[in-house]
Amino acid sequence: MNMLRLNNIHKKFNHLEVLKGISLEVSQGEVVAIIGPSGSGKSTLLRCLNRLEVIDQGTIEIEGEILATEDTEGKCQYVSEQKAREICFKMGMVFQQFNLFPHMTVIDNIIEAPMLVKGIKKDIIIPEAEELLKKVGLFEKKDSYPSRLSGGQKQRVAIARALAMKPDIMLFDEPTSALDPELTGEVLKAMRQLALEHMTMIVVTHEMAFAREVAQRVIFMDNGDIVEEGTPEQIFNNPQQPRTQAFLKSML
Amino acid sequence: MEKIITMMGPMLDGVYVTLQMFFITLVLSLPLGLLLSLARISKYKPISFLVETYIWLMRGTPLMLQLLFVYYALPLVPYIGIKLPDFSAAILAFVLNYAAYFAEIFRGGIQSIERGQYEAGKVLGMTYVQTMRRIILPQVLKRVVPPISNETITLVKDTSLIYVLAMNDLLRTARTIVQREFDMTPFVIAAVFYLAMTLVLTWVFNKLEERYAAYDE
Ligand SMILES: Nc1ncnc2c1ncn2[C@@H]1O[C@H](COP(=O)(O)OP(=O)(O)OP(=O)(O)O)[C@@H](O)[C@H]1O
Ligand SMILES: [Mg+2]
């Protein structure tokens, strides 16, 4: 089943065209890694999926529901705010900078949105949240404030927080880039676990080893375009495009 | 000693007027200031422009002038002009003025919250209003405690401006007695009262800061 379909996405910041006609389909349970040099538009692409950025042109379809499409004159039209919100909270997102809520304890960070947005009762969501915390190995931190956690712990809480909304798709924007090298492992482990549970995932990453091992498909972006895509095998062992080759060489 | 006790009667009446001015102004101008700050950052340009102009007027002219205007000039305005009793006029002028200052403090607080907090709320499915109420404003409150505390202590002393409307607040009462009895004691008593009030406020705001220290950023 198709979880996500993008057709010919264009996005400009002022006069700078950052996405130049991206098309992409992701099926259920697939793990897609997006790699590419800085400024190539990877974050922007992810952010367009859940309307943190508004696209100028193209179509976005999430689980068969249209989020944005072009009208007969070719102008991009979004569905209503209410509808867009319902479509978008099926996608969880994990940010490079964690973006935990500093004024709430770990457990409150996790239960806030399910209670507020979905109206789930506290006594129902608390056990679920505790289960998620156990899963990311942070149950004993449930009453701590985020400022007391290491970067790796923060990011694992952020993952649990996103999962508490029971998303069908998880978006990761360089989830380990803000971490000390010795802390990336614990976050990658949690992500690996999710992949094993067949979560549909789109991961922007500089962790080539992770992309190679966990992703079913690797997409190389450069300068607002998808330059090359294929299995990790194809991209890492046998890249066809000179730009892909050059990028991979620079990553070694 | 006996003299002091006979002074205390009118002095306490003055304290009462001062306290009333202080608390009513504070209770009304804080929420109004918050509303104004939200309007000030609104996407709707006419609204934010209107509020910006309002804040400029209120901060750009002396509070004393505003006080005199509300009391003496407002009744002369055609159609809407009403003659307010002195106490109401004073409250109106103070609330309008302090709300403008508080609005700027709240705005600074709101704009100091990282964009990532809004984005986190949004991707979790929260509406703008939910994000504001549950995520942004609680963090803003922590950050604005120190400047609000400053403004509040200034308000204690600003209340003495109402003497221009011939209202018998603490300071005017003190002056009246001093002029009548050629005795400086009332000034000392007034000073002690203002200092005590400031002390209490400092304590309250310190407690607030301590409570918010539960989480650091
Ligand atoms: N809000 C914005 N306003 C203006 N320009 C922006 C904005 N966000 C991104 N850009 C520009 O768009 C381009 C693509 O940025 P993007 O963040 O998507 O790149 P990226 O591939 O994620 O890079 P990195 O690996 O450094 O995270 C860059 O040139 C960036 O400067
Ligand atoms: Mg990026």
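Visitor: How far does a backbone N or O atom of G41(A) lie from an oxygen atom of ligand 1?
Guide: The distance is 3.0 Å in this model, which is a predicted one.

Visitor: Which side chains have a polar atom placed by an oxygen atom of ligand 1, and at what distance?
Guide: S38(A) has a polar side-chain atom 2.6 Å from an oxygen atom of ligand 1. For E174(A), a polar side-chain atom lies 3.2 Å from an oxygen atom of the ligand.

Visitor: How much of the accessible area of ligand 1 does the protein cover?
Guide: On its own the ligand has 630 Å² of accessible area, and the protein covers 63% of that.

Visitor: Which elements give two or more residues to the shell around ligand 1?
Guide: They are β2 (16–27) and α1 (42–49), both of chain A. The largest share comes from α1(A), with 3 residues.

Visitor: And which residues are around ligand 1?
Guide: A run of chain A is present from P37(A) through S38(A), G39(A), S40(A), G41(A), K42(A) and S43(A) to T44(A).

Visitor: Changing topic: what is chain B made of, in helices and strands?
Guide: Chain B has 8 helices and 0 strands. Along the sequence, its pattern reads α-α-α-α-α-α-α-α.

Visitor: What box do its C-alpha atoms fill?
Guide: Taken along the principal axes, the C-alpha atoms of chain B fill a box of roughly 70 × 50 × 20 Å.

Visitor: How many residues does the contact take from chain B and from chain A?
Guide: Chain B gives 22 residues to the contact, and chain A gives 26 residues. Between them the two chains bury about 2,200 Å², with 62% of it on carbon and sulfur atoms.

Visitor: Which three residues supply more than any other three of the area that chain B buries against chain A?
Guide: Those are K122(B), V123(B) and L124(B), which supply 29% of that area.

Visitor: How many salt bridges are found across the interface of chain B and chain A?
Guide: There are 2 salt bridges across the interface. One of them joins E112(A) to R134(B), with the closest N and O atoms 2.6 Å apart. In general, side chains of opposite charge can pair when their charged atoms come close.

Visitor: How many residue pairs are in polar contact between the two chains?
Guide: The count is 6 residue pairs, with both residues at pLDDT 80 or more. On the side of chain B that touches chain A, α5 (115–123) and α6 (128–158) of chain B each supply at least two residues. The most comes from α5(B), with 8 residues. That side of chain B divides into 8 nonpolar, 7 polar and 7 charged residues.

Visitor: How many salt bridges does the structure hold over all chains?
Guide: Over all chains the structure holds 24 salt bridges. Among them is the pair of E229(A) and R217(A), whose closest N and O atoms are 2.7 Å apart.

Visitor: Why does that pair tie together separate parts of the sequence?
Guide: E229(A) lies in strand β11 (residues 225–230) and R217(A) in strand β10 (residues 217–222), both of chain A, so the pair ties together parts that are 12 residues apart in sequence.

Methods
Residues numbered from 1 in each chain as written. Chains lettered and ligands numbered in written order. Heavy atoms only, no water. Contact = heavy atoms within 4.5 Å. Buried area = accessible area lost by both parts, 1.4 Å probe. Salt bridge = Lys/Arg side-chain N within 4 Å of Asp/Glu carboxyl O. Polar contact = N/O pair within 3.5 Å; in protein donor to acceptor, adjacent residues only side chain to side chain. Helix = DSSP H or I, 4+ residues; strand = E, 2+ residues; numbered from the N terminus. Nonpolar A, V, L, I, M, F, W, Y, C, P; charged D, E, K, R; others polar. Near = heavy atom within 4 Å. Areas by Shrake-Rupley, 256 points an atom, 1.4 Å probe, with all protein chains shown as cover.
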